Structures are given as structure tokens and as C-alpha cells.
Amino acid sequence: MNETRRAKVEQECAAAEQSLRADLRRVLPRIAQHGNQLFLNSEWNRHKMPLRYFDSESEPILAAARNCERLHAALGLPLESSAANLFFAACREADSEHEHRRGPRRLAEWLLVELDRLEAHTRR
């Protein structure tokens, strides 16, 4: 990838990550309060629940997170320190068979704390 193209993709990646964080910050307080199924979606749905049971934001946020993942990969950047990776971790836990997995409220609370940590780390 040439330098100009890389700079454009880096800018697109930063904007996508910022947009995902903003979307999560907008939606997560409602999930923490009401417990809607944000973390189950078309990819994480081992019980094959109909999509109508999921929060209306679950698929758009999944798509935004996958876009961030794609842009990170295009740049050769690790996904570990990203909002997308945190969202995927919450989805994996929500869809796990572990009897002590957190429900949507606790996952939303956890994700808000982790987003704060991520943003504090990014500002350094």
C-alpha cells in the first residue's frame, strides 16, 4: 500500500473506531438499564434465536465493529486495543455456555468501564 493510500486508510480506521465508540457509549447505558440483547447477533447466536429478540442496534454495531476489524487488518494493526475487540469479547461471553457468564446488563457495564480504560490509554 502506498503512503497516500495508507494515510487515507489510517484516517478511515480512526474515524470508524471513533464512530463505534460513540455508538457504544450511546447504546450501552440503555442496555445496562434494560438488559436488551445487544451482544447476541447474527454471528453470536448458538441457540439460533430469531433476530427480532435482539436489540435493534445489535446488527449495526456488529457491522461497525467488523468494519473496524477489516481496517485494522488492512493496516496490519493489532485489534487487541480497540473498541471492536472489546465488543467481540462481550459477544463471545454472551454466547458462551459458561454457567457464570455475565448477562447483557453486566456486560454493558463492563464494556463502558473498558471503553473508559481504552480511551485513557489512547490519550497518553
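**His 72**

I began with His 72, which lies in helix H2; helices here are DSSP runs of H or I with at least four residues, numbered from the N terminus. The model is a predicted one, in which local features need pLDDT of at least 70 and side-chain atom pairs count only at pLDDT 80 or more, while totals for chains, interfaces and linings use all residues. Residues are numbered from 1 along each chain as its sequence is written, and side-chain values use heavy atoms, with hydrogens and water left out.

Is His 72 buried or exposed? I found His 72 at 8% relative accessibility, so the residue counts as buried, where buried means under 20% relative accessible area, exposed over 50%, and partly exposed in between, with a 1.4 Å probe and protein chains only. Not counting residues up to four places away in sequence, His 72 touches Cys 13, Glu 17, Leu 77, Pro 78, Leu 79 and Ser 82, contact being heavy atoms within 4.5 Å. I also looked up His 72 against Ala 16: they are 56 residues apart in sequence, and their C-alpha atoms are 10 Å apart in space.

**H1 and H2**

Next I took the helix pair to which His 72 belongs. The axes of H1 and H2 come within 9 Å and cross at roughly 155°; axes are lines fitted to C-alpha atoms, for helices over the stretch in contact, and angles run from 0 to 180 degrees between N-to-C directions. H1 and H2 are therefore roughly antiparallel to each other, since angles over 145 degrees count as roughly antiparallel, under 35 as roughly parallel, 65 to 115 as roughly perpendicular and the rest as oblique. H1 passes H2 in a left-handed crossing, meaning that the near helix is turned anticlockwise from the far one by less than a right angle, clockwise being right-handed. On the H1 side I noted, among others, Cys 13, Ala 16, Glu 17, Leu 20 and Leu 24, and on the H2 side residues including Ile 61, Ala 65, Cys 68, Leu 71 and His 72. By class, this contact of H1 with H2 has 13 nonpolar, two polar and six charged residues, with Ala, Val, Leu, Ile, Met, Phe, Trp, Tyr, Cys and Pro counted as nonpolar, Asp, Glu, Lys and Arg as charged, and the others, Gly among them, as polar.

**H3 against both**

I then turned to H3 (residues 83-94), whose axis comes within 9 Å of that of H1 (residues 3-34) and crosses it at roughly 45°. That angle makes H1 oblique to H3. Glu 17, Leu 20, Arg 21 and Leu 24 of H1 meet Ala 83, Ala 84 and Phe 87 of H3, and these divide into five nonpolar, no polar and two charged residues.

For H2 (residues 58-75) and H3, the axes come within 9 Å and cross at roughly 130°, which makes H2 oblique to H3. The crossing of H2 and H3 is left-handed. I listed Ile 61, Leu 62, Ala 65, Arg 66, Cys 68 and Glu 69 from H2, facing Ala 84, Phe 87 and Phe 88 from H3, and by class this contact has seven nonpolar, no polar and two charged residues.

**Cysteines**

How many disulfides does a search of the whole structure find? I found zero, taking a disulfide as a pair of cysteine sulfur atoms within 2.5 Å. The sulfur of Cys 68 has its closest cysteine sulfur in Cys 13, at 6.3 Å, too far for a bond; Cys 68 is buried, with a relative accessible area of 0%. Cys 91 is in no disulfide either, its nearest cysteine sulfur, that of Cys 68, being 13 Å away, and Cys 91 also counts as buried at 0% relative accessibility.

**Two loop residues**

Lys 48 has its place in the loop between H1 and H2, and I noted a phi near 55°, a positive value in a residue other than glycine. Most residues other than glycine have a negative phi. At 68% relative accessibility, Lys 48 counts as exposed.

Ser 96 lies in the loop between H3 and helix H4 (104-123). Leaving aside neighbours within four places in sequence, I found Ser 96 in contact with Arg 46 and Arg 101.
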